[in-house]
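Here is a set of questions on one chain.

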Amino acid sequence: KGNTIRFFTWWKEGEVDGQPTGRVDIDLSAVLYGDDWNYKEHISFTNLRSKKYNACHSGDIVSAPDGACEFIDLDIESILKYGGRYVVMSLLSYSQQSFANLPECFAGWMIRQHPNSGEVFEPSTVQDRIDLASETQICIPIILDLETRQILWTDLALKRHPDFYNTIEANQRGMVAIGQAL
């Protein structure tokens, strides 16, 4: 129930096995594809608000000594009207630590009535939460099929391309291949 899905991530800097993490920058992204997996648009720290459908990003947090959270609100009906169907949730370690080398890092989703509604982040409204603990820097936990209103649990990772910054734009080819395969 509800018209808006909110993706979120939470992470914290600190120590793991006695080693300091240093500055940690985790980026949350949502990539929108049509029926045939053609790219429509993405919401991320490089594109905070869609001009084509109703979606917004909370903003880029680049350090988390006391913990940090980013979220993305996606209005389901406006995405369907725009011709979107699949939404890939993606988390990228921009500061290049693997998720396994962070003291706390998780992601999840919840339902909201309206995008960018200003509703307080209330943990009891979380639908699902997953701990990110893989030895990778890119994680794709779920793919949404908005047409059928189903969540495909993927729990996959991509390898970062060594010649590019770890951004959603640099990883499009791998994301489309995974989406089509699943």
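Q: Leaving aside neighbours within four places in sequence, which residues is glutamate 104 in contact with?
A: This is a predicted model, where local features need pLDDT of at least 70, side-chain atom pairs count only at pLDDT 80 or more, and totals for chains, interfaces and linings use all residues. Residues are numbered from 1 along each chain as its sequence is written, and side-chain values use heavy atoms, with hydrogens and water left out. Contact means heavy atoms within 4.5 Å. Glutamate 104 lies in strand S9, and its contacts are Trp10, Trp11 and Lys12.

Q: Which side chain makes a polar contact with the side chain of glutamate 104?
A: A polar contact is a pair of N or O atoms within 3.5 Å; within protein, one must be able to donate a hydrogen and the other to accept it, and residues adjacent in sequence count only if both atoms are side-chain atoms. For glutamate 104 the distance is 3.1 Å. The partner is the side chain of tryptophan 10.

Q: Is glutamate 104 buried, partly exposed or exposed?
A: Buried means under 20% relative accessible area, exposed over 50%, and partly exposed in between (1.4 Å probe, protein chains only). Glutamate 104 has 33% relative accessibility. Therefore it counts as partly exposed.

Q: What is the strand order in the open sheet of five strands?
A: Strands are DSSP runs (E, at least two residues), as are helices (H or I, at least four), numbered from the N terminus. Two strands pair if DSSP finds at least two bridges between them. Pairing in this sheet is antiparallel, and the order is S5-S4-S8-S11-S12.

Q: Why is one side of S5 and of S12 left without a neighbour in the sheet?
A: S5 spans 39-43 and S12 spans 150-158. Both stand at the edges of the sheet, so each has a single partner strand.

Q: Which residue in S5 is the bridge partner of valine 31?
A: S4 and S5 pair in the antiparallel sense over four bridges. Their hairpin has five residues between the strands, and tryptophan 37 takes a positive phi near 65 degrees there. The partner of valine 31 is histidine 42.

Q: Which residue in S8 stands opposite leucine 28?
A: S4 (residues 26-33) and S8 (residues 86-93) run antiparallel, joined by eight bridges. Opposite leucine 28 stands leucine 91.

Q: The side chain of threonine 9 reaches which residue's backbone oxygen?
A: Threonine 9 sits in strand S1 (residues 4-12). At 0% relative accessibility, it counts as buried. Its side chain reaches, at 3.0 Å, the backbone oxygen of phenylalanine 106.
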